[in-house]
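Here are my notes for anyone opening this model for the first time. Have a look at the fold before reading on, and keep it open beside the points below.

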Amino acid sequence: MAAAAGAVMASPLGSLAAQDSRINTFKQSSNMNSEGELSTAESKSNTAKKVLLINGSPRQKGNTNLALTEAAKQLEKHGIASELLQVGHQAVHGCVACNFCNATGHCVFDDDLCNRAIDLLAQCDALIVGSPTYYGQPNGTVLSLVQRMSYAASKVMQNKPAAAVAVCRRGGASAVYQTLLMPFEMQNMPIVTSQYWNIVYGRTEGEAALDAEGLQTIRTMADNMAFLLQRIHADGTPHYPQREPWQATSFIK
Ligand SMILES: Cc1cc2nc3c(=O)[nH]c(=O)nc-3n(C[C@H](O)[C@H](O)[C@H](O)COP(=O)(O)O)c2cc1C
């Protein structure tokens with residue numbers, strides 16, 4: 001697995017170009033309608049802001065998509081655009097701990113979504129990752145993707161507000177929610193919360209539309225994310241805390 005720096009590994013998973021066509025962009029917006037949305041001033045300051053939405057579900061029109069779309073629509077009311085990356089219907093490698101990314105900031109596997117996701121996130125100001133609940137865990141592909149992004153592109157993730165969204169039929173979503181947040185919590189990403197955990201209930205495609213409280217929770221999370229982004233970028237330049245250099249130990253030494 002020791003690839004030479006500059007080289008990337010390929011596998012028979014399909015070209016990145018083909019995957020690009022599965023990346024959808026929500027309508028970019030600036031000023032919204034007159035139904036109680038934010039002031040012109042806030043819309044203006046948020047015009048250039050964009051949030052990357054990652055949908056782990058293989059069901060592109062499923063409940064995770066529905067929850068993320070609810071977030072995107074709410075962000076849009078604040079003048080914040082979103083970009084949606086569909087993950088779950090594609091093959092995604094797991095991290096092979098080759099450390100190629102230490103030198104490059106990109107994953108050694110260049111034939112799936114990971115490097116594309118890193119490059120997209122570099123152009124975005126915040127991240128929301130949504131996953132269905134599979135046996136009380138995030139679905140495998142989104143977990144692989146987020147682990148590889150985190151290992152390869154910590155610098156890109158640092159300081160960007162992040163939220164997790166978990167969807168389930170009946171149980172296990174709180175474990176999914178916590179698992180998705182773990183990498184964000186160790187990369188100085190402000191976690192965006194809501195009035196409740198960002199969990200939505202539904203089984204068949206679209207059923208989550210019936211979960212009024214769940215969707216309200218998602219909208220409130222989006223409001224909070226917009227608030228945070230607005231404060232971080234208040235004068236047009238992002239302001240982040242000064243931090244000590246990392247003191248890395250292996251627990252005992
Ligand atoms: C392999 C698999 C495992 C699942 N495991 C759970 C589970 O542990 N708990 C649960 O409540 N729902 C479980 N579900 C149901 C999904 O989480 C639920 O249908 C969800 O709405 C799917 O989201 P999606 O439409 O975005 O794909 C499972 C579904 C599948 C396909």
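**Notes on the fold**

1. Start with Cys101, which is buried, with 22 other C-beta atoms within 10 Å. Here a residue is buried if 20 or more other C-beta atoms lie within 10 Å of its own, exposed if 12 or fewer, and partly exposed in between, with C-beta atoms placed from the backbone. You will find Cys101 in helix 4. Leaving out residues up to four places away in sequence, Cys101 touches His106, Cys107, Val108, Tyr151 and Ala152; a contact is a pair of C-beta atoms, placed from the backbone, within 7 Å. Cys101 and Ala153 are 52 residues apart along the chain, yet their C-alpha atoms are separated by 7.9 Å.

2. A word on the basis of all this. This is a predicted model, in which local features need pLDDT of at least 70 and side-chain atom pairs count only at pLDDT 80 or more, while totals for chains, interfaces and linings use all residues. Residues are numbered from 1 along each chain as its sequence is written.

3. Now the overall picture. The chain has nine helices and seven strands; helices (H or I, at least four residues) and strands (E, at least two) are DSSP runs, numbered from the N terminus. Of its 253 residues, 40% count as buried. Take the contacts between residues at least 6 apart in sequence: 79% of them join residues at least 24 apart.

4. (The expected span is 1.5 Å times one less than the number of residues.) How many of the 15 residues of helix 3 are buried? Twelve are, which leaves the helix mostly covered. Among them are Asn63, Asn65, Glu70, Gln74 and Glu76, along with Leu66, Leu68 and Leu75. The buried residues of helix 3 pack against strand 2 (50-55), strand 3 (81-86), strand 4, strand 6, strand 7 (199-201) and helix 9. After helix 3 comes Gly79, with a positive phi near 80 degrees.

5. Helix 9 (residues 212-232) has 21 residues and spans 30 Å between its first and last C-alpha, close to the 30 Å expected. Its buried residues are Gly214, Thr217, Ile218, Met221, Ala222, Met225, Ala226 and Leu229. As background, an α-helix has 3.6 residues a turn, so residues three or four places apart point the same way.

6. How do helix 3 and helix 9 meet? Their axes are 8 Å apart and the angle is about 40 degrees; axes are lines fitted to C-alpha atoms, for helices over the stretch in contact, and angles run from 0 to 180 degrees between N-to-C directions. The two helices are therefore oblique to each other, given that angles under 35 degrees count as roughly parallel, over 145 as roughly antiparallel, 65 to 115 as roughly perpendicular and the rest as oblique. Ala67, Glu70, Ala71, Gln74 and Leu75 of helix 3 meet a set in helix 9 including Leu215, Ile218, Arg219 and Asp223. Ala, Val, Leu, Ile, Met, Phe, Trp, Tyr, Cys and Pro count as nonpolar, Asp, Glu, Lys and Arg as charged, and the others, Gly among them, as polar.

7. Compare helix 5 (residues 113-122) and helix 6 (residues 140-152). Their axes come within 10 Å and cross at roughly 60 degrees, so this pair is oblique. The crossing is right-handed. Leu113, Cys114, Ala117 and Ile118 of helix 5 make the contact with Leu145, Arg148, Met149 and Ala152 of helix 6. Seven of these residues are nonpolar, none polar and one charged.

8. Finally, some loop residues. Tyr135, between strand 4 (126-134) and strand 5 (137-138), has a positive phi of about 55 degrees although it is not a glycine. Tyr135 is exposed, with 9 other C-beta atoms within 10 Å. Asn159 is not a glycine either, and its phi is positive at about 75 degrees. Asn159 sits in the loop between helix 7 (154-157) and strand 6 (162-168), and is partly exposed, with 19 other C-beta atoms within 10 Å.

Notes:
Expected span 1.5 Å × (residues − 1). Left-handed = near helix turned anticlockwise from the far one by under 90°. Contact = placed C-beta atoms within 7 Å.
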